[in-house]
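Let's take a walk through this protein together, one part at a time. Keep the picture open while you read.

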Amino acid sequence: MIVLRPATAGLPRVTMWLKPNRTLSRRGLCRLIVVLAALVLMTAGLVAWQGNVFAPLFALMESVAMAIALRVAWRAGDRSERITLDAESLEVQSLPGRRCTRFPSYWVRVLLEPGSGRQRLLLSSHGRELEIGAFLAEQERTALSKKLMVLLADFNGQPRK
């Protein structure tokens with residue numbers, strides 16, 4: 001998901017937030033874990049009633065492992081990138097970490113390169129490269145590259161390609 005905050009009259013700066021699509025809220029995740037754990041434990045209770053006394057123990061261990069795996073997968077959706085573009089620089093800040101990379105806006109190039117089964121969106125300047133939007137869908141990366149090229153051309157006074 002790409003959220004664009006356009007430049008205002010007093011502050012000629014464009015900010016874009018890149019976030020992975022997340023279809024499940026925290027509350028929905030908790031509900032899903034509870035429902036799945038209840039189904040697994042109910043099935044284990046039926047199997048234990050038929051004679052397998054270890055089924056509830058394994059069901060409990062499976063429920064805990066499943067909850068941890070779903071939580072880790074859900075937390076991966078917290079990552080995002082903030083791209084700030086003005087006349088002097090293009091800055092990419094990776095969140096939740098604090099890694100921040102800055103490129104001079106006049107010299108930065110936007111590249112779409114084929115990678116391992118998907119296209120990679122790279123920003124390149126003075127021998128440095130940075131991949132952005134790795135968590136975005138293919139169409140979103142393509143749209144982002146076009147939007148960045150247009151914005152860079154606008155800020156640098158270059159004709160659009």
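Predicted model: local features only at pLDDT ≥ 70, side-chain atom pairs only at ≥ 80, totals over all residues.

Residues 29–49 are 100% helix and 0% strand, with 30 Å between the end C-alpha atoms. Residues 55–74 are also 100% helix and 0% strand, and here the end C-alpha atoms are 28 Å apart. (Helices, H or I of at least four residues, and strands, E of at least two, are DSSP runs numbered from the N terminus.)

Next, move along to the sheet. Three strands make an open sheet in the order β6-β7-β8, with antiparallel pairing; two strands pair if DSSP finds at least two bridges between them. At the edges sit β6 (109–114) and β8, each pairing on one side only. Ignoring direction, neighbouring strands of this sheet are turned by 35° against each other on average. Axes here are lines fitted to C-alpha atoms, for helices over the stretch in contact, and angles run from 0 to 180 degrees between N-to-C directions.

Let's zoom in on the pairs. β6 and β7 are joined over six bridges, and Leu111 has Leu122 in β7 as its bridge partner. β7 (residues 119–125) and β8 (residues 128–132) pair over five bridges, with Ser125 opposite Arg128 in β8. The hairpin of β7 and β8 has two residues between the strands, and His126 takes a positive phi near 50° there.

Finally, there's a helix to go with the sheet. α3 lies across β6, β7 and β8, at about 25° to β7. Ser145 lies in this helix, α3 (residues 138–156). Is Ser145 buried or exposed? Ser145 counts as buried because its relative accessibility is 2%, and buried means under 20% relative accessible area, exposed over 50%, partly exposed in between (1.4 Å probe, protein chains only). Leaving out residues up to four places away in sequence, Ser145 touches Val110, Leu112 and Leu121, where contact means heavy atoms within 4.5 Å.

Definitions and conventions
Residues numbered from 1 in each chain as written. Heavy atoms only, no water.
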